[in-house]
Amino acid sequence: MFRVLIGGVIALAIAMGVARFAFTPILPAMQAATGLGADGAGFLASLNYLGYFLGALGAGLVPHGPVRTAVFRAALALSVASTAAMGLDFGDAASAMLPWSVLRFVSGLSSAGIFILGIAMVLDTLVRAQGERWAGWLYTGVGVGIASSGLFVALIGDRLGWTGDWLALGAICAVAGLLPALWVTDPPPVAAPQSAEAGADGGKAAALSLPLLLLTVAYFLEGGGYIVSGTFLVSILKTMPETAAVGQAAWIVVGLGAMGAGVFWAAVARRYGSWWALILAHLAQTVGILLPMTGSPVAAVLSALLFGGTFVGIVSQAFALGRSLSSGGSARVVGALTAVYGVGQIIGPLPAGLVVARTGSFDSALLGAAAAVVLGALLLALGAWIAGRQARVRAVASMGAAS
C-alpha cells in the first residue's frame, strides 16, 4: 500500500510540479533569451491548460484494468518527453512558437492522464487496504514538485541556461518516473453491490441546486483568477528591481505552502464548514494576488505563501462541498467542477498576457485576477446563505412532520 502511495506522490510531483508548473520559474530566462513576450507566454500557458482540460475529459473514458495502467504509463512517458523536449534549440520565439505550442499542449494532456488516473488507482488501492486515512498525503506531491523544480532552477538554472533546465528536469523525471510506472497499477476489481451513490450517478445527473450552481460559477472564476499568478508570478517579481532577488525563491515558497494546504483547509472546514473554508481561502488568495503590486520583497514572499497555501485547498474543499451538494451524483458533479475549472484556466492567461504586452505592466492583470477571485468569494457567501436557509426550512419541516 505505501509503495503505491509513494509512487502516486512522485507521479503528481512529475505531472503538476514539473511538467505543468516548472514553466513558471523557467519563463523569465526563456523570455530574456528568445524574446518571448508576455502575450506569447500566456498563449503557451493556455494551450497547456487546454491540453489538461481535454486530457481530463479523455481520462474519464479509460476503462479499469490493464488498459488504465497502460494509459497511465504512456502519460508518464509523454510527460517526461515533452518536458525534456522544451530544452531543444528551436531558435528564437517566432521560430519556436509552433513546437513549443505542441509540446505544452502534449504536456497538459499527459499531466491530466497522470493526475486523474494515478489518483484513481492509488485511492482504489488505499480503499482495498483500508488505508483511506493516508489519502491526504497523496496531494503533497503537487507541492513537492513545485518546490523541487523551483529549488532546482534557483540553484542550478543560471549554470545550465533555460534549455539545460528543461533537459535536466526531463532527465530527473525520467529516472523518478520509473517508480510510479512500476508501483502504481490498477488493483483488481472487488465484486460488491452497487452503492446508492453509484446508482444515482449511473442513472441520472445530479439535481443542479442553486447553491451548487453558485459553487460551480465560483470555481470557474477561481480557475481563471488563480492561474494568472500560477503562470506569471516569477516573471512579475523579476521585472521589479525591488523583488527580483526573491523571484526564484518565491516559487519554492509556493511549493512549500502547497504541501500542507490540503490538510490545513480540511481542518478549517471541520471547524467552520466547507463554505466558510472556501470563502476564507478565496479572500486569502486575493491578498496574495495583489501583494506583488507593493514592490516589497517581504510582501512577495508572503504572496507566494498565500498562493501556494490556497489553490490546492480550494480544489480539495470545492470537491468536498460539491459532493455534499450532489444529491447522489457526486461523480458527475466533480467532473463538472473539473471541466469549468479547466475552462477558467484556459481563458485566464490569454487576456492577462495581452494586457501586459499592451501596457508593459502586470498591475491590470493582477487586479483582474483578484476581481475574479473576489467575485467567486461573494458567490460562495450567497451560496452559503441560501444553503443555510434551505437547511433551516428542511429542519422546520422535519419537526412539523415528527409532531
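**A close look at one residue and its setting**

Modeller: Thr140 has its place in helix H6, which covers residues 140–176; helices here are DSSP runs of H or I with at least four residues, strands are runs of E with at least two, and both are numbered from the N terminus. The model is a predicted one, in which local features need pLDDT of at least 70 and side-chain atom pairs count only at pLDDT 80 or more, while totals for chains, interfaces and linings use all residues. Residues are numbered from 1 along each chain as its sequence is written, and side-chain values use heavy atoms, with hydrogens and water left out.

Thr140 counts as buried because its relative accessible area is 14%, where buried means under 20%, exposed over 50% and partly exposed in between, with a 1.4 Å probe and protein chains only. Once its neighbours within four places in sequence are set aside, Thr140 is in contact with Val9 and Met259, a contact being heavy atoms within 4.5 Å.

Arg104, in helix H5, is another buried residue, since its relative accessible area is 2%. With neighbours within four places again left aside, its contacts are Ala19, Arg20, Phe23, Leu44, Leu47, Asn48, Met86 and Trp166. The C-alpha atom of Arg104 lies 25 Å from that of Gly313, a residue 209 positions away along the chain. Trp276, by contrast, sits in helix H11 (residues 274–290) and is classed as partly exposed because its relative accessible area is 46%. Between the C-alpha atoms of Trp276 and Ala74 there are 40 Å, the two being 202 residues apart along the chain.

The charged pairs come next. Side chains of opposite charge can pair when their charged atoms come close. A search of the whole structure finds two salt bridges, each defined as a side-chain nitrogen of Lys or Arg within 4 Å of a carboxyl oxygen of Asp or Glu. In one of them Arg68 is paired with Asp124, with 2.9 Å between the closest N and O atoms; this links distant parts of the chain, as Arg68 belongs to helix H4 (residues 66–85) and Asp124 to helix H5 (residues 93–128), 56 residues apart. Arg68 is buried, because its relative accessible area is 5%, whereas Asp124 counts as partly exposed because its relative accessibility is 21%. Arg68 also forms a salt bridge with Asp186, at 2.6 Å from N to O, and here the pair spans 118 residues, with Asp186 in the loop between helix H7 (178–183) and helix H8 (196–203). Asp186 counts as buried because its relative accessibility is 13%. Through shared partners, the salt bridges join Arg68, Asp124 and Asp186 into one network.

For the chain as a whole, the secondary structure comes to 15 helices and zero strands, and 53% of the 403 residues are buried. Of the contacts between residues at least 6 apart in sequence, 85% join residues at least 24 apart. The C-alpha atoms fill a box of roughly 75 × 45 × 30 Å along the principal axes. The radius of gyration is 21 Å, which agrees with the value near 22 Å that a compact globule of 403 residues would have; the radius is taken over C-alpha atoms, and the globule rule is 2.2 Å times the number of residues to the power 0.38.
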